[in-house]
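This briefing is meant for a reader who is meeting the structure for the first time. Please look over the sequence and the model before going on to the notes below.

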Protein chains: 2
Amino acid sequence: MSDLIASWVDGVPLKSVPVDDRGLQYGDGVFETILVRSGTARFLEAHMARLRRGLAVLGISFTDEAALRADVVEALRIAPSLAILKIIVTRGSRTVRGYAPRGEGAARRIAMLWETEAPAGVDQGVTVHVPAMRVSDSPRLAGIKHLNRLENVMAAAESLGGSAFETLLLDRREEVVSGAASNLFAVRGTNLLTPRLDRAGVAGIVRGVVLREAPRLGFAVTEQTLTLGDLIGADAVFLTNARIGVVPVRHVGEHPIRMSEIVMTLRTRIETLDA
Amino acid sequence: MSDLIASWVDGVPLKSVPVDDRGLQYGDGVFETILVRSGTARFLEAHMARLRRGLAVLGISFTDEAALRADVVEALRIAPSLAILKIIVTRGSRTVRGYAPRGEGAARRIAMLWETEAPAGVDQGVTVHVPAMRVSDSPRLAGIKHLNRLENVMAAAESLGGSAFETLLLDRREEVVSGAASNLFAVRGTNLLTPRLDRAGVAGIVRGVVLREAPRLGFAVTEQTLTLGDLIGADAVFLTNARIGVVPVRHVGEHPIRMSEIVMTLRTRIETLDA
């Protein structure tokens, strides 16, 4: 039983990919997780821009963006009122075995349409688990949404069986990076503070929307170092990602976190936007 | 054009894997690269042991080792006199979207048989490229052969177009980790020195065979920190992996490296072994 509704590989309705795809062999590719709402792929241009940025970092030549956009249209045609459209672009199949990207064919695009539900009961604030796992510094890969996600998997696995909504990612300096599948902000007065993502983490699309919208709502935003202590002492903490939008945090581990109307103001504003 | 001869997915001759496989989605799995020579899968038990170790680190339950061994037998039946048998075991297909390994089905095993050739002309020593890329510390994942290999890809990509046989992996302390697809030793007198792999790198099977065989040949082996300067000042440097066995290094970047008969002694010894 899977909640995968449909998938397309290079535009063809297919449920499988060639076994020699470098995405499977090495995680050699990037992806986007797009919320589809009432027939619209939300923040599509921002997702496309990040996809292009990631492909440039990996040196993957991708000339099929028009075809990818056609895949999106096709997915929207059959999507339920709420769905996740996940797009993967890999370096394609290997024609020569080995790490070096030598002699491979064209990049491969994969589109997957998944069922999803609106996150329930999150307005009252969620719990974020603090795992033992610490993530690596990888400045060359930081910010992009590449397919090497074992650290996210291992951190998220630590919260299984508990009631946490999300798992925190901390680096070895004990600095906050993000959630395993979200970005994180702390509120201090009318300032929104969020970690720089120059050593680890993914620069989320809704994070970018918050950075853009906050000044219009009268809030300042600063990218800066945050520790667990900074979260615990904050006026509020919230998570962002494409699926959940803006979600207030009520607990970080055992520590209660204050709630602020600022978070609901942001949540409401972001909910109204599609671009 | 691919040099993939055949592949099996969960024992079935198939050239593709389900699109929702967590190996593709997240690099959530491990692999082995086994040299098949004259109908024998060399060092098979060591490969199986490392596979089990990696699966344990990732918390992937894999109960099909007997079936995997049957896949190996099937591959050996059709393998040419020299081939690469690559085995991947992933956490299987996702039944629920998200990083946390929740509700997924059984682990999935993939066997691929690739054409290969004996490395030509390596007895005279090879060149190792020194890339700009520095690899991450990831102590939880160090040593195992997991599917998150973007750093290897990016380092190897830096040597494309040149004449280098291999690319060095260095960490941010400027300490040597390994080659992008090999392990590395320096010779000092009758001592063989090789980096510890507790923060990065893969504990190669032939590396393990060298650690085992060296004392029998009268050499001491020490796992210790090595810098570029240590390589340049060494009596000899050599690479190891399953495909190439033991290969002497003649240049590290622009720096000539001395050659030693010790390396050829090791190379010859290792060539005679299958287990």
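Which domains does the domain assignment of chain A give? The assignment gives domain 1 (4-115) and domain 2 (122-271), and it should be kept in mind throughout that the model is a predicted one.

**A pair of helices in chain A**

- Helix α5 (residues 205-213) of chain A packs against helix α7 (residues 261-271) of chain A at an angle of about 110 degrees, and their axes are 11 Å apart.
- Because angles of 65 to 115 degrees count as roughly perpendicular, α5(A) and α7(A) are described as roughly perpendicular to each other.
- From α5(A) the contact draws on A:Val206, A:Val209, A:Val210 and A:Glu213, while α7(A) brings A:Leu266, A:Arg269 and A:Ile270.
- By class, this contact of α5(A) with α7(A) comprises 5 nonpolar and 2 charged residues, with no polar residues.

**The sheet of chain B and its helices**

- In chain B, 6 strands make up an open sheet with antiparallel pairing, and their order is β2-β1-β7-β6-β4-β5.
- The edges of this sheet are formed by β2 (12-13) and β5 (40-41) of chain B, each of which pairs on one side only.
- Strand β4 (residues 29-37) of chain B runs antiparallel to β5(B) and is joined to it by 2 bridges, and in this region B:Val36 stands opposite B:Ala41 of β5(B).
- Helix α2 (residues 44-58) of chain B packs on the sheet, where it touches β4, β5 and β6 (82-90) of chain B, and its direction makes about 175 degrees with that of β4(B).
- Helix α3 (residues 65-78) of chain B lies across β1, β4, β5, β6 and β7 of chain B, and it runs at about 20 degrees to β7(B).

**How the two chains meet**

- Chain B is superposed on chain A by a rotation of 180 degrees with 0.0 Å of shift along its axis, at an RMSD of 0.0 Å, and the two copies are thus related as by a two-fold rotation axis.
- The same surface serves both copies, since 100% of the contact residues of chain B recur in chain A.
- The contact between the chains brings together 53 residues of chain B and 53 residues of chain A.
- On the side of chain B that touches chain A, two or more residues come from each of β1 (4-9), β3 (16-18), α1 (22-26), β7 (108-115) and α4 (150-157) of chain B, and α4(B) gives the largest share, 6 residues.
- By class, that side of chain B has 27 nonpolar, 15 polar and 11 charged residues.
- Strand β3 (residues 16-18) of chain A pairs with β3(B) in the antiparallel sense over 3 bridges, and the bridge partner of A:Pro18 in β3(B) is B:Ser16.

How values were computed. Residues numbered from 1 in each chain as written. Chains lettered and ligands numbered in written order. Predicted model: local features only at pLDDT ≥ 70, side-chain atom pairs only at ≥ 80, totals over all residues. Least-squares fit on C-alpha atoms with pLDDT ≥ 70 in both. Contact = placed C-beta atoms within 7 Å. Helix = DSSP H or I, 4+ residues; strand = E, 2+ residues; numbered from the N terminus. Nonpolar A, V, L, I, M, F, W, Y, C, P; charged D, E, K, R; others polar. Pairing = 2+ DSSP bridges. Axes fitted to C-alpha atoms, helices over the stretch in contact; angles between N-to-C directions. Parallel < 35°, antiparallel > 145°, perpendicular 65-115°, else oblique. Domains from an automatic or database assignment.
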